[in-house]
Amino acid sequence: MFKTFFRKAALKNENMELKHQNAVRADIISINAHQLRTSLTAMKWVMKMFMDRDLGPLTDEQAKYLDTCYDRNERMIKLVSEMLDVNRKGELAMEYDLKPASLETLVDEMLVDFKGETEKAGITLIKESGTTLPHAMMDSDRIRIVFQNLIENAIKYSSTGKNVTISLGVLDGKLHVTVRDQGIGISPEDQERIFGRYFRADNARQTAATGSGIGLFTTKRIIQAHGGEIWFQSKPNEGTAFHFTLPTAKATEAVQ
Ligand code: ADP
């Protein structure tokens, strides 16, 4: 009887401790997300002043880049607001807004977004696409995160002078994307842990000190939530190719 009493008391304590930890975590997320949103909103108003020519004239090229920055900033504000929402509701599931959209257009936008970063790193980012592709059924904001993670990694884990190639095609009736690099690769021992949360391989730590090991974990969840698959092929010191598939809008409509 005493044993049961103590077990129940221990469970109750554990439960309270977990609730406390969750509350602390939710508070940290909330404080940081608010700070992020405040900074992003401040940036938005500065950009707006430039765009409205309050601070003097702009060349066409400057105005074009500014428009891109403004647009990306707006997306980030939206993502942070969503994060705050989810945190407030205590839900962990992300909501997806699936619509027919062009993968090719999204990749073209990524080439523009990564222009500065690839130039600085001395990497050539290439898009390859054979035929006209059907639209994907996707949440473009989430798939944008997938591309950002894969391209950022491909650049981060490659050396100057190398290529990063994004190929678009169709495989078994689904849209098929490959992000291929000529970088450090992933050793056979590390390969099965690569999508695990917080995992970073030793060669990655040596090449790039900064990293969280959360990017691929999130990427896999996003692709799976779309009904797609993700996998990779890699050889140490030769390079890595990440592949993912997404349903086409046509196939999804046919099922409904
Ligand atoms: P990180 O912030 O460390 O890049 P990710 O979750 O994006 O975290 O990736 C997890 C790990 O997978 C990396 O630390 C690295 O070991 C490996 N990895 C991911 N992409 C590549 C790549 N293109 N080339 C080599 N290793 C990679």
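Tutor: Tyr198 is exposed, because its relative accessible area is 55% and the cut-off for exposed is over 50%. Keep in mind that this is a predicted model. Tyr198 sits in the loop that links β5 (174–181) to α6 (202–207). Its backbone has a positive phi of about 70°, although Tyr198 is not a glycine. Asn237 is another such residue, with a positive phi of about 65° and again no glycine. Asn237 lies in the loop between β6 (230–235) and β7 (239–246). Its relative accessibility is 67%, so Asn237 counts as exposed.

The chain holds eight helices and seven strands. Its C-alpha trace spans about 75 × 50 × 50 Å along the principal axes. Of its 256 residues, 35% are buried.

Follow the chain from Asn237 into β7, the strand at the end of that loop. Phe242 belongs to β7. Phe242 is buried, because its relative accessible area is 9% and buried means under 20%. Phe242 and Lys156 are 86 residues apart in sequence, while their C-alpha atoms are 14 Å apart in space.

β7 also brings us to the ligand. Three elements, α5 (140–156), α7 (215–225) and β7, each supply at least two residues of the shell around the ligand. That shell has 20 residues, and the nearest are Asn153, Tyr157, Arg200, Ser212 and Leu216. Sort the shell by class. You get 10 nonpolar, seven polar and three charged residues.

In one, an N or O atom in the Tyr157 side chain is 2.8 Å from an oxygen atom of the ligand. In another, a polar side-chain atom of Asp181 is 2.8 Å from a ligand nitrogen atom. Ile214 uses its backbone: a polar atom there is 3.5 Å from an oxygen atom of the ligand. How much of the ligand does the protein cover? It covers 97% of the 530 Å² of accessible area that the ligand has on its own.

Along with α2 (60–89) and β1 (99–101), α5 supplies at least two residues of the lining of the second largest pocket. That pocket holds about 170 Å³ of space. Its lining has 14 residues, and Lys78, Asp97, Asp139, Ser140 and Asp141 lie nearest the centre. The classes here are five nonpolar, one polar and eight charged.

Finish at Ser140, one of those lining residues. Leu106 lies in helix α3 (residues 103–113). Leu106 is buried, because its relative accessible area is 4% and the limit is under 20%.

How values were computed: Residues numbered from 1 in each chain as written. Predicted model: local features only at pLDDT ≥ 70, side-chain atom pairs only at ≥ 80, totals over all residues. Heavy atoms only, no water. Helix = DSSP H or I, 4+ residues; strand = E, 2+ residues; numbered from the N terminus. Buried < 20%, exposed > 50% of the residue type's maximum accessible area, 1.4 Å probe, protein only. Near = heavy atom within 4 Å. Polar contact = N/O pair within 3.5 Å; in protein donor to acceptor, adjacent residues only side chain to side chain. Areas by Shrake-Rupley, 256 points an atom, 1.4 Å probe, with all protein chains shown as cover. Nonpolar A, V, L, I, M, F, W, Y, C, P; charged D, E, K, R; others polar. 1 Å grid on protein atoms, 1.4 Å probe; cavity = no way out; pocket = protein on both sides within 12 Å on 5 of 7 lines; lining within 4 Å. Points joined across faces, edges and corners; volume = space filled by probe spheres on them.
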